[in-house]
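Please work through the exercises below with the sequence and the model at hand. Each task is followed by a solution in steps.

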Amino acid sequence: MACAIVCGESSPSYITLFRTLNRTLDSIKDNIAIIFANILGCQAHSDDNFRSEEVVPSSFEELMEKYKHLSARDWFSKKRNAGNDQDPQAEFNVLDTMLKDNLERLKTMRESISVAKIGFLGCTSKINYLEHMDVLRGLCVDGKLGSAFWLWRKLMKKGIIPDVWAHNCLLNALCKAGDLEKASWLIREMLEMGPSPNCVTYNAFIKGYCLLDKVDKALYLFTTMVNSGIRPNSITYNILVHALCKKGLVEDANKLLEEMLDDDDEITDSVIVISTTLMDGHLKNGNMVQALSLWVDMQRNTQVDVIAYNVLIHGFCLNQQMDLAYGYLSEMTKRGILPDGFTCNTLISGLCKERRFEDACYIHDIMPRMGIIPDKVTYKIIIQGLCIEGDVVKAHEFLRSMLEKSMVPEPLVWNSIIDCYARYGDLSNAVSVKDQMLAFGVQPNVYTYNAMIHAQVKGGSFISALSVEKEMLLSGLFPDVVTYNLLIGGACNSGRFEFAIELYHIMLKIGLDPDIITYTELIRGNCMRGNIKEAEKILAKIQASGFPVDHVPFKLLFKKYCKMREPDKASGIYQKWLARRNEYPSLIT
């Protein structure tokens, strides 16, 4: 009992055992006392005399103290005087048997107590082990690799080897962090110290290599895994097929799929997932025939789902085959497979890219009839497409529709509409949308302010553009190259060329690298001032720097020389442009 109290544990089994032990000891004392009394000639015929305090001592220690002075001879003499004809040796044999029997009982009870104690400690140890594993896995999930490995080393030093699940968590965290060297070391530790790696271990390591685009090493690891007797599962194949398709190695991915199908029939339920990944790879590489061939096989051997149809429709949209995309949308509905939000958003995106905005808006309108609510992605695709097309009025209508449905768009959507108004020089509507953006709690970013500066410059209000830049700085945002390009262009348009040069030097001072648009604006400003020599110097500078110069700087100089009635110099600029165009064919416009 004292042991249980010291340990801070309440254990009813311990109390019961100790009570039983005490009762047994008392019984042994009484039995020994009775036998000794009989041997020493105490009254054996009367129960009352037998229980007398003079004959039966209160304890075994008292009995031994009372008779320790007797010799063996005294024992036998007292026994003979008792008038009993029994053999004293027989009585000693009985005593010996009883002592042995009681000692056996004590031994059994001690073993029972030991087993109970071992079981209790073992249970406690198991609980502590599980707690350590939970902590280790939690640290890995939280990305606290340093703390996780500290705990791992402490456990290993104490001889406690974490299970394979904990090791897999460590390995997965290392692979996500891109530390494949340490992940490789951990696998070697597992092979030497245990536990043995399993399929999940290798899957994490293979995925780590694929994330770093090291597919060759991933395939080598796959071979090592198979040679080690560890059988890959569907996740292994899916990781590798996805990585191969991403690198454009669709044929290798197809061979891997065939290898999986030839393996056995246990993973056929996952064939649809891997086949869909492979079909997506074919479509992204423009291999329409192979994709459709695989699709026919999938329909023949497996039950295709909405995800498979989405991949197929998305592939057709990527390859600008909108009629086929519509056809398979019709087929999936006839087969009882309802399209989802991704299906509709994919079709709307494809239609907007082909400038078929009427059809895109029609898909948006019929989505509720199919039980699909247009989401933020739907509106974002349509609004951006309309803004690129220049239909800012229709785009603004969709923005209002979003707000009426309590969907507050991200800054990109607001910026698209503001910029579209800015391109048309509609400053009042641009400012109105920006104010509405703030009213709905959406904070403007650098692109918002750039769009506002563009609107002010387009409207001929350069001073207001500078005010927007100051507002931008006060809000804690810093101008970028686009900001300065807009301001430099505005300064040139308003005849403030010296200020444009000053802005250029500010760019350099704060560490921004001017781009081709910056230099084009400076060339245009010099041409406007009639400083044609300086404009040619800037052109020569950007050509020498290796900038991919487009036709605009050459066009500015060519037109200026034509106005100055200097055809020879204009022809020289044109020849330079032709040479530049041959050097950079991608610059042809």
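Predicted model: local features only at pLDDT ≥ 70, side-chain atom pairs only at ≥ 80, totals over all residues.

**Exercise 1. Classify the aromatic pair formed by Phe316 and Tyr328, and state where its two members lie.**

Solution. 
- Step 1. The whole structure contains 14 aromatic pairs. In the pair of Phe316 and Tyr328, the ring centres are 5.3 Å apart and the planes are at 25° to each other.
- Step 2. Planes under 30 degrees apart count as stacked, and the pair is therefore stacked.
- Step 3. Phe316 belongs to helix α16 (residues 306–318) and Tyr328 to helix α17 (residues 322–334); the two residues are 12 residues apart, and the pair links distant parts of the chain.
- Step 4. Burial is assigned below a cut-off of 20% relative accessible area. Phe316 is buried because its relative accessibility is 0%, and Tyr328 is buried because its value is 15%.
- Step 5. Ring pairs also join Phe316 and Tyr328 with Trp295 and Tyr309 in a cluster.

**Exercise 2. Describe how helices α11 and α12 pack.**

Solution. 
- Step 1. Helix α11 covers residues 215–227 and helix α12 covers residues 234–246. Their axes are 11 Å apart and form an angle of about 155°.
- Step 2. Because of this angle, α11 is roughly antiparallel to α12.
- Step 3. The crossing of α11 and α12 is left-handed.
- Step 4. On the α11 side, the contact is made by Val215, Ala218, Leu219, Phe222 and Met225; on the α12 side, it is made by Thr236, Tyr237, Leu240, Ala243 and Leu244.

**Exercise 3. Determine whether Asn168 is buried or exposed, and name its contacts beyond its sequence neighbours.**

Solution. 
- Step 1. Asn168 is part of helix α8 (residues 164–176).
- Step 2. The relative accessible area of Asn168 is 7%, so this residue is buried.
- Step 3. When neighbours within four places in sequence are set aside, Asn168 is in contact with Met190, Asn198, Val200 and Thr201.

**Exercise 4. Examine the backbone at Pro195, Asp213 and Gln320.**

Solution. 
- Step 1. Gly194 and Pro195 are joined by a cis peptide bond, with omega about -10°. Pro195 is located in the loop between α9 (180–193) and α10 (199–211).
- Step 2. Asp213, in the loop between α10 and α11, is not a glycine, yet has a positive phi of about 65°. With a relative accessible area of 45%, Asp213 is partly exposed.
- Step 3. Gln320, in the loop between α16 and α17, is likewise not a glycine and has a positive phi of about 55°. Its relative accessible area is 59%, so Gln320 is exposed.

How values were computed
Residues numbered from 1 in each chain as written. Heavy atoms only, no water. Phe/Tyr/Trp six-rings, centres within 6.5 Å; stacked < 30°, edge-to-face > 60°. Helix = DSSP H or I, 4+ residues; strand = E, 2+ residues; numbered from the N terminus. Buried < 20%, exposed > 50% of the residue type's maximum accessible area, 1.4 Å probe, protein only. Axes fitted to C-alpha atoms, helices over the stretch in contact; angles between N-to-C directions. Parallel < 35°, antiparallel > 145°, perpendicular 65-115°, else oblique. Left-handed = near helix turned anticlockwise from the far one by under 90°. Contact = heavy atoms within 4.5 Å.
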